[in-house]
Amino acid sequence: MTKTPYCLRLDLTDMTSPQKRTLAPHHDLSSSLKPTVKKKKVPWWQEAVIYQVYPRSFFDKSKSGTGDLRGIMSKADYLAELGVGAVWISPVYTSPMKDFGYDISDFTDINPIFGTMADFDELVSAFHQRGLKVIMDFVPNHTSDQHEWFQKSVAREDPYTDYYIWADSKGGTDNTTRQPPNNWLSVFRGSAWEWSEERQQFYYHQFLAEQPDLNYRNSIVREEMKNVLLFWINKGVDGFRVDAIKHLFEAEDLSLDEPVAADSGITDPDDYGYLNHTYTVDQPETFTVLHEWRQLLDLYTD
């Protein structure tokens, strides 16, 4: 015996009159069947248009010949009208300007050529009033050789003695026999090691000789840089663009030479591309420090 399959027939006709069969009034089931979906709030930094401002050339409000913070602030309405969500400001910190502000001698002060800290506070307030976020250029890899930390490190004043990467010469200490501890190169050509006559050791610099690299294996250095982040967050800054992050760590064993990049086609041994940078970029310890910074920023909303 064949079983008749059960089925449900939905008839949308009006059966009250056999002569006149009309469609019954339409009932929208969609609203009752649709699940309620809560839209997840997306952090601003994942979707905002970010506009970079290079202060020196953006707008010179003081007519000094150099762009300044008041010049940037005067364009707040213009930036808001563009639909910009955040403004990233290239370095405005105190600096000898050997590398256009990326050689910082004080991480928590404003270079007078750009204005004052009061100018900066006004800028942040003006931008926030227009719904604009402020992003600072954070330069954690190195300082200027004019920074107080480096001056004290050269003099072996504790706790600054090991704030930077120091190494003994492979040879003697006179001009003819001293040699860097390894073959590491600067991004700006030539050896990444510079001799300090006062300290009688080499210090490491990924960029200019006037930009000594900080030693992130030193826990005190890591705390110092967290304090820099906290200083600017407490000033109302909304986020940071991190400069040269892949250079933050280098191999702990400073006797290791980097291999020649055989397939690069570069034959100049002073050219940065001459070597494979297996010991000086993208070291795994970098992620530990980034995690520490993320935890710090997560203490603040948005």
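This note covers ring contacts and pockets in a predicted model.

1. Basis. Residues are numbered from 1 along each chain as its sequence is written, and side-chain values use heavy atoms, without hydrogens or water. As the model is predicted, local features need pLDDT of at least 70 and side-chain atom pairs pLDDT 80 or more, while totals for chains, interfaces and linings use all residues.

2. Aromatic pairs. The whole structure holds 19 aromatic pairs (Phe, Tyr or six-membered Trp rings with centres within 6.5 Å; planes under 30 degrees apart are stacked, over 60 edge-to-face, the rest tilted). Phe188 and Phe207 are edge-to-face, because their ring centres are 5.5 Å apart and their planes at 65°. Ring pairs also link Tyr93, Phe120, Phe231 and Trp232 into a cluster.

3. Accessibility. Phe207 is buried at 12% relative accessible area, whereas Phe188 is partly exposed at 41% (buried is under 20%, exposed over 50%, partly exposed in between, with a 1.4 Å probe and protein chains only).

4. Largest pocket. Its space is about 680 Å³ (a pocket is an open set of points on a 1 Å grid over the protein atoms alone, where a 1.4 Å probe fits, with protein on both sides within 12 Å along at least five of seven lines; lining residues have an atom within 4 Å of a point). Of 23 lining residues, Trp45, Asp238, Gly239, Arg294 and Leu297 are the closest to its centre.

5. Second largest pocket. This one has about 180 Å³ of space. Its lining includes Asp162, Trp166, Arg199, Arg217 and Glu250.

Notes. Points joined across faces, edges and corners; volume = space filled by probe spheres on them.
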